[in-house]
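Here is a short briefing on a multi-chain model. Keep the sequence and the 3D view open while reading.

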Amino acid sequence: MRFRQQSALPGFGLAFGYTLFYLGFIVLLPLAALVAEAAGLGLRGLWAAATEPRAVAALRISFGLALAAAAVDSMFGALIAWVLTRYRFPGRRLLDAAVDLPFALPTAVAGIALATLYAPNGWIGGMLAGLGIKVAFTPAGIFIALVFVALPFTVRTVQPLIAEIDRSVEEASATLGASRWQTIRRIIVPMLAPAMLTGFALAFARAVSEYGSVIFIAGNLPYVSEIAPVLIVIRLEEFNVRGATAIAVIMLALAFAILLAINAIQSWGRRRFGHA
Amino acid sequence: MRIRVVDIAKEFGRTGALRGVSLAIEDGELIALLGPSGSGKTTLLRVIAGLEAPNAGRVYFGEEDATALPVQKRRIGFVFQNYALFKHMSVRDNIAYGLHVLRGAARPSGTAIRKRVDELLDLMQLSGLGDRRPWQLSGGQQQRVALARALAVDPAVLLLDEPFGALDARVRKDLRRWLRQLHERTGHTTVFVTHDQEEALELADRVAILNSGKIEQVGSADEVYDNPASAFVMSFIGDTSSIPVAFDGARASYGGEPFEAPFEGHRHGPGRLYVRPRDIAIAPPQPGLLVGRVAKVHRTAAGRRAQIAIGDSETIVEAEIGIDQPLHEGERVGVRLLKVKAFAE
Amino acid sequence: MPEPPTQPRRPAAVTTERPGVRALLIAAVVVFLALFLILPVVVVFAEALRKGVWVYFATFRDPDAQSALRLTLTVAAIAVPLNTLFGIAASWAIAKFAFRGKTLLITLIDLPFSISPVISGLIYVLLFGAQGLFGPWLAAHGIKIIFALPGIVLATVFVTFPFVARELIPLMQEQGNTDEEAALTLGAGGLRAFLTVTLPNVRWGLLYGVLLCNARAMGEFGAVSVVSGHIRGFTNTLPLHVEILYNEYNFAAAFATASSLTVLALVTLVVKTLLEIHYGEALARPART
């Protein structure tokens, strides 16, 4: 197959050329620099920097908390998507728009707001302090921030699917004797599963990379509440470009793996349902 | 299972979909709910199923008042126009679904379920397709899976909502015949909805004709065809021409001129005569007959038809004529009505 | 042939949960969203106004705040039009033509969403920083990119370039080529067809994409933080200024500044909701946020 099918519309060369140029300059060139720097370190250098205890701790904290936050967001996200799509109640549109808040709000603003809210003298932090629970400046604070940041991803991936569910399939299940709960469990959830998984993967990717929303509430104590992006910045401030690059490369490798996983999930979904 | 609906009324918003509908369905009967779009036939089916709750009236399954019974407990089998198969399950799992959701003691063992599914696959001529996914099957096959799924739990009544509506004409004809054979074998009480009168007349023991939320007539194919109860039924079933006339006792006149019109009973005032193409004979123009000009002669699958403009050309009647009958456009002819029905509108 | 649909029917009651369950679920969702999403926004404004309206407005008279605002607006004024141009070009190429490697191209465009903002800044440091690939050459010619405006612009462009493209691509794909082809058969040239047919068709998606791009460009923190050097009065954008104020415990000023960015975010959301209400079909919702 040739590169491009003939078309009556003009302007492909110009548009495509500009696109490639832009991408090349803005994206590929800097990424190439990253790869070059990583190559310069060599596999052994990379490995040494990556297995350095503080880096390991930071990656563990980042990934572990991101996983937990993405899991919580997946469950609540599906529920929120269901309620917003299927039910009618006053304020529904407002809530639906609010789901995009973490997406539209600058991360630094979210960061200081959450830090203030959950600080020991904050509205929620104060209440929890009364119960002896500390949130701000602990991993729990990071978790809360990540739940905030990743929520839109889990809701928005599932919502279109819920809207498209063919009601006659639900009716069919009822006519065959299934209770509402059985219908949800056997028919609806499997139909939503691929989207929920995709949402989980996207939420996880976002949570792992998050910086601005987390640094204010985190406490940033090495080995305890220091996430990987923070460590990268610290290394840069120490002029340890190599150390920073090593951690960055690992995070990128993971991001790439997640993208592949999302693609795999989506083709699995298409195979299972025929056309997705 | 005998089914009775009594005085069912159902509204959606301010439009009344059903207005005081009553119907008795005999055990083992295959009955069609026939009518144009918007007549309420699908709504009636869904009320019987329990998918819609009526605003008034009662539904009886056998002796039991089932009006408040939820759809899950009614032991019905429902087949949807778009099949509504579970796309993430194999054909087997689709068919077995009703058995899998049974709880406790009622649920058969895995082997029993498998056996039942195999039986149904055989019955539906789908053997060997059990492990396929629904989208890998043709439309006709998918509909048979839907039917098998509905039959798996041995329902008291089978309800079909335009089951062949989404299929090609050819497949539709085949499935129609096949459904009738199935019904003779299994004997389930079956109610199906259609807007295709040919389908209804061919398949059903009895036909209930609905119009604007009311039942116009219930009867066998012969009854509704030969003895329609209203002008609507007459024009809905089979081809009809209608002639506006003035009645005077046992006589009718068109445009002031009386003519031979063998209708039953005595009527007075304005009305219409309805006549089928087969019941019109073309004769030389003479007094006592309607007279008109041949407007068009065309070929049909079965033979030839002539459209004749009566009197002042506003009324057209369509007559079946022989293949060899010499008739030319523009010719002046007399129209003899062999059989007519008279209605007020 | 299937008959035309009858009057629209409300979904049967069998396809929804019992009223009690529904009420419970709605309550749970409302509480969750209020707690996690809405409360933080409320906090921003509550803290901003804590010391009173005078102090609130005084924050914006501070010269550092004003230069931060100027820098943010400058960066957005450069980044957003550039990215819009890219978005239009990319979506034109991708949506209206068939060619090999399209998936790869789309994946590349989605890249910034998968990369941590800190890394997005890091890669420019690697290119243009003192120890970077072009570092020595730039130093020799006296050009500053990192710790100066160009670096901030580059990092912002990187992080926000997908927005317009991602809005336009599914929209244009859904609309197909028929309108443009019709224009061509009527004698319009390529550019004319584009300006008079394509652009009007996608104007609401374009507007929304530009708004999102702008909101993110003005609010970007992580990437800019890495390349900016945090030089007060020179290389601090509004979000960085917020960070500085907060770290100095100047909470009222920090939140006051933050509130301006929050208003921008809220306006973006309101416009989006209005666009969806009035032009729902005109905004193809992408499968991923």
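What percentage of the contacts in chain A with a separation of 6 or more comes from residues 24 or more positions apart? The share is 76%. Two residues are in contact if their C-beta atoms, placed from the backbone, lie within 7 Å.

This is a predicted model: local features need pLDDT of at least 70, side-chain atom pairs count only at pLDDT 80 or more, and totals for chains, interfaces and linings use all residues. Residues are numbered from 1 along each chain as its sequence is written, while chains are lettered from A and ligands numbered from 1 in the order in which they are written.

**Confidence**
- The predictor assigns the complex an ipTM of 0.85 and a pTM of 0.85.
- Chain C has an average pLDDT (the predictor's confidence in each residue, from 0 to 100) of 85, and 92% of its residues score at least 70.
- Residues 1-8 of chain C have pLDDT below 50.
- Residues 284-289 of chain C stay under 50.

**Chain A**
- Chain A has twelve helices and zero strands; these are DSSP runs (helices H or I, at least four residues; strands E, at least two), numbered from the N terminus.
- Its C-alpha atoms fill a box of roughly 70 × 65 × 35 Å along the principal axes.

**Chain C against chain A**
- 81 residues of chain C are in contact with 83 residues of chain A.
- Helix 1 (residues 19-48) of chain C supplies the largest share of the chain C side, 16 residues.

**Chain B**
- Chain B splits into domain 1 (3-233) and domain 2 (240-343), with bounds from an automatic or database domain assignment.
- The C-alpha centres of these two domains of chain B are 41 Å apart.
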